[in-house]
Amino acid sequence: MIRVGIGYDSHRFGAARPLVLGGVEIPGAPGLIGHSDADAIAHALIDALLGAAALGDIGGHFSDRSEEWRDADSIELLRLTIDLLSRHGWRPNQCDITVILERPKLGPHVAAIRERLAAAMDVDVDAVSVKAKTNETMGFVGRGEGIAVHAVATILPVG
Ligand code: MG
């Protein structure tokens with residue numbers, strides 16, 4: 001049996017810290033505002049994985065009102081999500097992620113992001129797809145106010 005989940009996240013630019021997406025520090029843009037490190041790729045992927053297992057959402061497991069998760073490394077949250085799925089009898093199969101932002105160009109960083117996410121999920125890098133596009137200058141993404149990420153993930157029973 002294979003199950004599928006969908007995830008979405010958005011964050012606003014403007015934090016006084018590095019821009020981190022998919023666990024990779026990306027130069028050329030301000031950081032994203034958020035309670036954790038605001039890694040919107042990791043957050044959308046976590047929600048897709050949790051959704052596939054019907055285990056709620058990221059806010060339910062890593063509350064943005066908890067001091068425990070302030071400035072949290074979202075790759076660590078992804079690892080904890082994989083542990084949670086494992087305890088419920090699930091393992092990640094593959095994922096597909098679309099990142100929507102005007103700048104900076106994500107292309108040069110996609111390989112590193114795929115490797116980082118694959119390592120955190122303990123899957124082959126071939127099982128992790130990351131695509132980036134602009135919003136053709138439309139809406140909050142188009143105005144450069146923030147970033148949006150869509151993710152789909154499938155999971156399989158352990159063993
Ligand atoms: Mg988020």
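Visitor: Hi! Leaving aside its neighbours within four places in sequence, which residues is S63 in contact with?

Guide: Hello! S63 is in contact with H35, I58 and W69, where contact means heavy atoms within 4.5 Å. Before we go on, this is a predicted model, in which local features need pLDDT of at least 70 and side-chain atom pairs count only at pLDDT 80 or more, while totals for chains, interfaces and linings use all residues. Residues are numbered from 1 along each chain as its sequence is written, and side-chain values use heavy atoms, with hydrogens and water left out.

Visitor: Thanks. Where is S63 found?

Guide: S63 sits in the loop between helix 2 (58–61) and helix 3. Helices (H or I, at least four residues) and strands (E, at least two) are DSSP runs, numbered from the N terminus.

Visitor: And how many residues apart are S63 and H35 in sequence?

Guide: They are 28 residues apart in sequence, and 8.9 Å apart in space, C-alpha to C-alpha.

Visitor: Let's switch to the metal. What coordinates the magnesium ion?

Guide: D9 (OD), H11 (NE2) and H43 (ND1) coordinate the magnesium ion, at 2.2 Å. Donors are N, O and S atoms within 2.8 Å of the metal (3.2 Å for Na, K and Ca); water is not among the atoms, so sites may look incomplete.

Visitor: What spacing do those donors follow along the chain?

Guide: The spacing is D-x1-H-x31-H. D9 in strand 1 (residues 3–15) and H43 in helix 1 (residues 40–52) are 34 residues apart, a pair that links distant parts of the chain.

Visitor: Is D9 buried or exposed?

Guide: D9 counts as buried, at 15% relative accessibility. Buried means under 20% relative accessible area, exposed over 50%, and partly exposed in between (1.4 Å probe, protein chains only). H43 is buried too, with a relative accessible area of 7%.

Visitor: Now the core. Which residues touch the most other members of the largest nonpolar core?

Guide: I97 and L117 do, in a core of 49 residues. A nonpolar core here is a set of buried Ala, Val, Leu, Ile, Met, Phe, Trp, Tyr and Cys residues joined through side-chain atoms within 4.5 Å. As general background, nonpolar side chains tend to be buried together in soluble globular proteins.

Visitor: What gives the most to this core?

Guide: Helix 1, with 9 residues. Elements that each supply at least two residues include helix 3, helix 4, strand 5 (90–100) and strand 7 (146–157).

Visitor: What is I97 in contact with, leaving aside neighbours within four places in sequence?

Guide: The contacts of I97 are I41, L45, L117, S129, V130, K131, V149, H150 and A151. L45, in turn, is found in helix 1 and counts as buried at 0% relative accessibility.

Visitor: What does L45 touch, not counting residues up to four places away in sequence?

Guide: L45 touches L78, C95, I97, L117, M121, A151 and A153.

Visitor: On to helix packing. How do the axes of helix 3 and helix 4 cross?

Guide: The axes of helix 3 (residues 74–87) and helix 4 (residues 110–121) come within 8 Å and cross at roughly 35°. Axes are lines fitted to C-alpha atoms, for helices over the stretch in contact, and angles run from 0 to 180 degrees between N-to-C directions.

Visitor: Which residues meet there?

Guide: I75, L78, R79 and I82 in helix 3 meet R116, L117, A120 and M121 in helix 4. By class, this contact has 6 nonpolar, no polar and 2 charged residues. Ala, Val, Leu, Ile, Met, Phe, Trp, Tyr, Cys and Pro count as nonpolar, Asp, Glu, Lys and Arg as charged, and the others, Gly among them, as polar.

Visitor: Last topic, the backbone. Which peptide bond is cis?

Guide: The bond from R103 to P104 is cis, with omega near 0°. P104 is in the loop between strand 5 and helix 4.

Visitor: What about E136, what is its phi?

Guide: E136 has a positive phi of about 55°, although it is not a glycine. T137 also has a positive phi, of about 65°, and is not a glycine either. E136 lies in the loop between strand 6 and helix 5 (139–142), and T137 is in the loop between strand 6 and helix 5 as well.

Visitor: Is E136 buried or exposed?

Guide: E136 is exposed, with a relative accessible area of 59%. T137 is exposed, also with 59%.
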